[in-house]
2 protein chains.
Amino acid sequence: MSRILRVNMTNLTAQPEVVPEKYETLGGRGLTSTIVADEVPATCHPLGPNNKVVFAPGVVGGTSAPNCGRLSVGGKSPLTGGIKEANAGGIAGQKIARLGIKAIVVEGQAPDGKLHVLRVDKNGASLLRAGDLAGKGMYEVDTLIWQRYPNKPGVIGIGPAGEMRMVSAGVSVNDEENGPGRYAGRGGLGAVGAKGLKAIVVDDAGGPGVTVADAEGFRLGTKKLADAIAEHPITSSSLPNYGTAVLVNLINEAGGLPTRNFSSGRFEGAAKVSGEMINEVATKIRKGAGRVSHPCHADCIIKCSNVYPKPDGSYHVSAIEYESAYAFGPDCGIDDLDAVAELVRLSNDIGVDTIEAGATIAVAMEAGVVPFGDGPGAIRLLEEVGRGTPLGRIIGSGAVAAGRAFGVTRVPAVKGQAMPAYDPRAIKGIGVTYATSPMGADHTAGYTVAPEVLGVGGKVDPFDVSKAELSRNFQALTAFIDLTGYCLMAGFAVMYIASGLEGMVGSTSAVVGKNWTVEDAVNLGTQIVRTEREFNERAGFTKADDRLPEFMKYEPLPPHNTVFDVSDEELDAVHAG
Amino acid sequence: MSRILRVNMTNLTAQPEVVPEKYETLGGRGLTSTIVADEVPATCHPLGPNNKVVFAPGVVGGTSAPNCGRLSVGGKSPLTGGIKEANAGGIAGQKIARLGIKAIVVEGQAPDGKLHVLRVDKNGASLLRAGDLAGKGMYEVDTLIWQRYPNKPGVIGIGPAGEMRMVSAGVSVNDEENGPGRYAGRGGLGAVGAKGLKAIVVDDAGGPGVTVADAEGFRLGTKKLADAIAEHPITSSSLPNYGTAVLVNLINEAGGLPTRNFSSGRFEGAAKVSGEMINEVATKIRKGAGRVSHPCHADCIIKCSNVYPKPDGSYHVSAIEYESAYAFGPDCGIDDLDAVAELVRLSNDIGVDTIEAGATIAVAMEAGVVPFGDGPGAIRLLEEVGRGTPLGRIIGSGAVAAGRAFGVTRVPAVKGQAMPAYDPRAIKGIGVTYATSPMGADHTAGYTVAPEVLGVGGKVDPFDVSKAELSRNFQALTAFIDLTGYCLMAGFAVMYIASGLEGMVGSTSAVVGKNWTVEDAVNLGTQIVRTEREFNERAGFTKADDRLPEFMKYEPLPPHNTVFDVSDEELDAVHAG
């Protein structure tokens, strides 16, 4: 029988609670968003005592299903001021589920401001003082925790950025090799440090595991899904070989690769920071010192991660994802993959979202703080974030704050959150998702790039401005996937292969003893997005927040020289009714 | 026949236009807000090319009426994101009116980013390169302009903060002695520098003057008003003797003087930074080196300004107002009047709003950047603003941005604008005005402190939570006064003496050939506020923006130990219907 673990930082208590009936079929984002909407006052200060941070594995989390290790983190975002869910891979989500915990709800605020560690195992949960972990980067934190706790536990933690309450701080989850690079990065949820919680240590040894209500339905569903993943070339070949950074060259070709603070959609140095180059460096140039086809947790059958080596062959960072490569590479005008790797490593250590950090450095570059293309300069800026200098505080406050501080009007953000790696002037559907997702600018909230550029899930003209229905459908399906605990990378297969989607839906509903159709799944996703938007409305969001930055409406983007010309009416049609 | 002067910074043109009929009876805030609402897209970037900045004297501006020198500055605020009007005394407003100009509308953006000076005289208007004025502080700018232009012109200008597009930048207007200390300070309108305009030089020699439609009505009205000003003890005695800082001791006594970032309503060092002490230092301790009863322009009969001397008797700054004294004094825990004077002088020179700057330094003090009470430390912070260092950029970005950068949740601001010198937990009506004014936290938008603490315009319990009607009435009357060009200080007299109010209304309507009653005036004010709120709605504001910061609802304020307990329903009732 699963429980919700309620952690009160004001009283320093951690108690299991019965799962309310309405939460029983939920998991992941579906559960974090519902709990946040039910329990958090929408107008509270995100860093004050009345916000809550919720951690939840997906419905299939902890089972034997493939690629089901996503851990959702939710709360009111310090970055957007709205509801937020970000999810990560790594090993902690599975372990939480196998301990029979559907969600960990962290509330209140440590009265003395001191940092704590929450230890969760088969015997229960307890809060300990963080001691010497305070102030440390995530590489050292993960290492020390594995030294001090048995059974190679899952570690969820925040770096110095989160401790300093920076609104670009993410939440780290460790991977199989205990690296900290799996991040629920977006929306500043790492500012959970404001509650006084440095890390959660999850040891699932001897845990009860996850009860699957309909074992046969589950077996059938997971097989269909695994078959689709094995069949589709993106999940079976592109991602394992080149990682998500396979997109660098593809999106550059499409003219939508944000370059030098979104002033061009094509970067002359793209190939140098591409997935193909990561593969080349990791497996050939540096004589196999790195890895591709690297899983972020044991049950992954796609393995889109990589291990990037230093020139001397030693470990540098895992993983360089497309979004990180774009943000620190083209968007900063940097074509040096070693510099990008170091920027990713620093982000993982300090505990900031790579997308927000890169986009913010690019805004600072536009202001002339350091020149575009200056890798060492960008590294210095991130190091200042870690030290909490005034300049570091500006960078750590995200792209909008940096734009304000430096007087830059060209800030690529929606609802206060910086845009991911697709310029919406060249790929209009993703712009519709950026504008209208309750999450702020977020490609994972409705990845219309699949049909618009990649020819997956249909084939749609990226310049066509009628994208409300497309974005709506993707947003709903994505919200469902985020509920399951399945990795969004599996989504490439299920978008293309109908039986894969049936398998994803079927295996999920089998866990909770339901028999959902794909239509049920989309309806459930729609309901989750609606719950999130209602929270945002209570927090003060209006249609004016469902818009892209003004400069994208009048500044044409090379090489196609198009502006973002989707009408406000089209944007408002996404969630109408 | 008056004209509107339209200045296009993109094309570098300045052309007079016929005044549309609907604007003929408007002036001041009534005119700036109407033009902004009519011409500025509500969702534009405040520092982008589509915002406009409008300068307008009041309806009685340029006439022989007493205290009619207010100059309104309006636009979309870079600080609040909503519509903004701030007004200042000094000599420029009168001169603009006497040149037959009802408003100067500045639009577009200098394409080369270079700064310009707009020269306006009887022969027309022209744009010149700012040359060596760029980067200079306002003391030097005013001095150089009087050296270079004849007839001691009015000067409207921005300091380095505005040039750097800092959102706490104000707009300076020079006074009789060519000091820059009269500021349309609030809301970041000094970021007009984003348009490429450093200063406006206004020479009214040989100008046509202002036509008064009904001379006899005007004579009668101004006499009634002047009589009321002469009769009321605040306008005839308190203000001339002690300036607005007479409020330091009064509000301290009431327990509403914001101290150490709004953590107490009483400051043990209040008397040391009070209006009484300013008088003592200026007229006695430093042997008459300073002045009280100092007018900010020739037609003032109240003379609430002062000239504060240095210990050696030389000129230090004019004027130390109550709001500046609170912000740099009690709110920063500073009881050293010379330090406060230097902070005001620096603000005037750099070109930042003293309220926002002081409140922001107090937030930084709470974060431990410098200790509370550290006058030299606060001065160093402001100097960093002037130099545009990273720390200076944080401080120059205002209290909300500093709170975000430093992780401080106790930020006293509404709609992004820092609170003036009255803690709303001890004086609830002003809290209702802070919450619901379209301007953000602004005491001048509806000064319910008059009846709540000063016993002017009625006598109301400051702790009573039913203040919607009171605030509504004050907001409407204030919007009318801001239309007239009369100084709000005259409002003390007209709130108390009915014939004074009749005189204010009668003299204003006489200028434009109308015969407004007091009821007409209030209706006109109501309409202006409605226009402003409609703009804000289009910009994305909702009821959630009409709220005080969360911490004031759960953190009791000493010495009365009360929270802000006005209900959301009461707040929403202010502008209902």
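This is a predicted model: local features need pLDDT of at least 70, side-chain atom pairs count only at pLDDT 80 or more; totals for chains, interfaces and linings use all residues.
Two strands count as paired if DSSP finds at least two bridges between them.

**The three-stranded sheet**

β13(A) and β14(A), the latter covering residues 305-309, meet that rule with 2 bridges and pair in the antiparallel sense. Here A:His294 sits opposite A:Ser305 of β14(A). The whole sheet is open, has 3 strands in the order β13-β14-β15 (chain A), and is antiparallel in its pairing. β13 (291-294) and β15 (315-317) of chain A each have a single partner strand, so one side of each is left without a neighbour in the sheet. From one strand to the next, the twist averages 35 degrees.

| Helix | Residues | Lies across | Angle |
|---|---|---|---|
| α8 (chain A) | 275-285 | β13 and β14 of chain A | about 60 degrees to β14(A) |
| α10 (chain A) | 337-350 | β14 and β15 of chain A | about 75 degrees to β15(A) |

**The six-stranded sheet**

Chain A also holds an open sheet of 6 strands, ordered β2-β1-β6-β3-β4-β5, with mixed pairing. At its edges you will find β2 (13-18) and β5 (83-88) of chain A, each pairing on one side only. Neighbouring strands are turned by 20 degrees against each other on average, direction ignored. β1 (residues 3-8) of chain A runs antiparallel to β2(A), and 6 bridges join the two; in this pair, A:Ile4 is opposite A:Glu17 of β2(A). Helix α1 (residues 28-39) of chain A packs on the sheet and touches β1, β3, β4, β5 and β6 of chain A, its direction making about 20 degrees with that of β4(A).

**A pair of helices**

Helices α5 (residues 215-231) and α6 (residues 233-242) of chain A have axes that come within 4 Å and cross at roughly 55 degrees. On the α5(A) side the contact involves A:Ala228, A:Ile229, A:Ala230 and A:Glu231, which meet A:Pro233, A:Thr235 and A:Ser236 in α6(A). Sorted by class, this contact has 4 nonpolar, 2 polar and 1 charged residues.

**Where the chains meet**

How many residues does the contact take from chain B and from chain A? It takes 31 residues from chain B and 31 residues from chain A. Together the chains bury about 2500 Å² between them, with 56% of it on carbon and sulfur atoms. B:Arg404, B:Thr409 and B:Glu550 supply 25% of the area that chain B buries against chain A, more than any other three residues. Across the interface of chain B and chain A, 0 salt bridges are found.

Definitions and conventions: Residues are numbered from 1 along each chain as its sequence is written. Chains are lettered from A and ligands numbered from 1 in the order in which they are written. Side-chain values use heavy atoms; hydrogens and water are left out. Axes are lines fitted to C-alpha atoms, for helices over the stretch in contact, and angles run from 0 to 180 degrees between N-to-C directions. Contact means heavy atoms within 4.5 Å. Ala, Val, Leu, Ile, Met, Phe, Trp, Tyr, Cys and Pro count as nonpolar, Asp, Glu, Lys and Arg as charged, and the others, Gly among them, as polar. Buried area is the accessible area (1.4 Å probe) that two parts lose on being put together, summed over both. A salt bridge is a side-chain nitrogen of Lys or Arg within 4 Å of a carboxyl oxygen of Asp or Glu.
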